[in-house]
Amino acid sequence: MIYFKFPFDEKLYTTSENSEEKALIFQSFDKSDTVSFNGNIVAVSHISEQFSNQLLIQDETQSSAETHEEYLEKLDEVIQVIKNNDLPKLVISRRKIFKDFKEIDVEKSFRNLCETYLNAFRYIFVQGENAWIGAFSEVLGKFNKGTHEFQTMSLAGTIPVSASWSQKEIEEQKPVSSYIRTILGKFNKENKIQESETYDHISGNIKHLRTDFKLKINPEDLDAMIEELHPTPAVCGIPKDFCKEKIQEIEKFPRELYAGFIRIETDDFIQYFVNLRCAKLYSDSVHLFVGGGITAQSNPEKEWIETELKSEAVLKNLSFRN
């Protein structure tokens with residue numbers, strides 16, 4: 001069962017589960033796993049009473065999160081890999097595990113997230129052993145079925161809303177824009193790529209640098225374009241294949257649905273959102289997934305602080321009963 005809200009749309013949606021057609025598909029970062037919800041997308045007035053913390057399973061993963069010291073040591077290794085291979089950036093994630101509670105109020109947690117992140121795609125779902133909650137505003141792609149216009153964005157760099165951009169964040173975002181520009185160029189038959197100025201994208205307590213892109217494409221090219229775009233440098237690094245290999249070698253946990261994407265098809269659009277600010281829910285623990293773009297100029301301690309800030313984006317909105 002899933003409930004969700006689109007960006008800047010306060011209607012509550014779910015799936016009717018009355019057909020074999022897949023309304024929503026969650027794709028894992030490495031494409032090894034998918035979670036699908038069949039049926040038509042329908043608006044509802046409230047979350048069902050059956051949708052509660054009683055649906056959550058116990059955490060039997062026996063996972064332990066990286067300590068502060070372990071993370072700093074890992075980033076020292078990552079920075080050396082970046083320097084040795086002359087990489088523009090490599091995105092490294094970690095999992096934060098929170099257990100200091102008796103029970104999660106899933107409905108109130110989702111409501112809090114919806115109120116905090118009006119510009120994001122917000123969701124909560126439980127399907128068997130999988131239970132996730134998230135709110136994310138990065139668009140991997142949005143395709144207009146009528147006009148054939150495709151939109152995407154370059155989103156990178158993370159600092160508190162009140163802070164000012166440093167050269168590190170500016171340089172981190174540039175290769176993401178360049179990568180997207182190159183991919184769109186492969187599918188640009190006759191139409192010019194439209195590109196916005198880079199501007200601040202605010203998401204709760206943090207902000208990113210954002211550049212928007214538009215291009216009219218052939219509908220038959222949509223799947224191939226998404227295949228090329230994912231994972232973007234904002235969640236992986238450059239070059240893509242090399243960075244994906246390094247991520248598997250270096251990271252302590254598999255990313256699962258974190259940094260993957262969700263595909264949603266409506267009457268007018270096919271939309272793809274990157275699954276970034278998210279957590280996996282258990283009856284007795286919460287696994288928060290966070291990451292950051294590491295460059296040769298990165299400071300490991302500052303990167304730790306950034307991931308702590310990102311984890312609060314979801315954690316501070318979760319409602320617990322002690």
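## Lys 174 and the basis of the model

At 44% relative accessibility, Lys 174 counts as partly exposed; the class lies between buried (under 20% relative accessible area) and exposed (over 50%), with a 1.4 Å probe and protein chains only. Lys 174 is found in helix H3.

The model is predicted, so local features need pLDDT of at least 70 and side-chain atom pairs count only at pLDDT 80 or more, while totals for chains, interfaces and linings use all residues. Residues are numbered from 1 along each chain as its sequence is written, and side-chain values use heavy atoms, with hydrogens and water left out.

## Overall architecture

The protein has 6 helices and 20 strands. These elements are DSSP runs numbered from the N terminus: helices are H or I with at least four residues, and strands are E with at least two. For 322 residues, a compact globule would have a radius of gyration near 20 Å, and the 19 Å of the protein agrees with this. That radius is taken over C-alpha atoms, and the globule rule is 2.2 Å times the number of residues to the power 0.38. The C-alpha trace spans about 50 × 50 × 35 Å along its principal axes.

Of the 322 residues, 55% are buried. Among contacts (heavy atoms within 4.5 Å) with a separation of 6 or more, 72% involve residues 24 or more positions apart. The accessible surface, from the Shrake-Rupley method with a 1.4 Å probe, comes to about 14,500 Å², and carbon and sulfur atoms hold 45% of that area.

The buried residues of H4 are Leu 222, Met 225, Ile 226 and Leu 229. Seen down the helix axis, they fall within an arc of 100°, so they line one face of H4; the arc is that of the directions from the helix axis to the C-beta atoms. An α-helix has 3.6 residues a turn, so residues three or four places apart point the same way. The buried residues of H4 pack against H3 and strands E10 (139-144), E11 (149-160), E16 (261-265) and E17 (269-274).

The loop between H4 and E15 contains Pro 231. A cis peptide bond, with omega about -10°, joins His 230 to Pro 231.

A cis peptide bond, with omega near 0°, runs from Ile 238 to Pro 239, and Pro 239 lies in the loop between E15 and H5. In H5 (residues 240-250), the buried residues are Lys 240, Cys 243, Lys 246, Ile 247 and Ile 250. They cover an arc of only 125° around the axis, which puts them on the same side of H5. Their cover includes helices H1 (68-85), H3 (167-186) and H4 (222-229), together with strands E6 (89-98) and E15 (237-238). The face turned away from this buried side carries the exposed residues Asp 241, Gln 248 and Glu 249.

Glu 256 is found in the loop between H5 and E16. Although Glu 256 is not a glycine, its phi is positive, at about 55°. Its relative accessibility of 24% makes Glu 256 partly exposed.

Phe 8 lies in the loop between strand E1 (2-5) and strand E2 (12-15). Phe 8 has a positive phi of about 55° without being a glycine, and with a relative accessible area of 68% it is exposed.

Glu 306 is placed in helix H6 (residues 300-315) and, at 9% relative accessibility, counts as buried. Leaving aside neighbours within four places in sequence, Glu 306 is in contact with Thr 158, Gly 291 and Gly 292.
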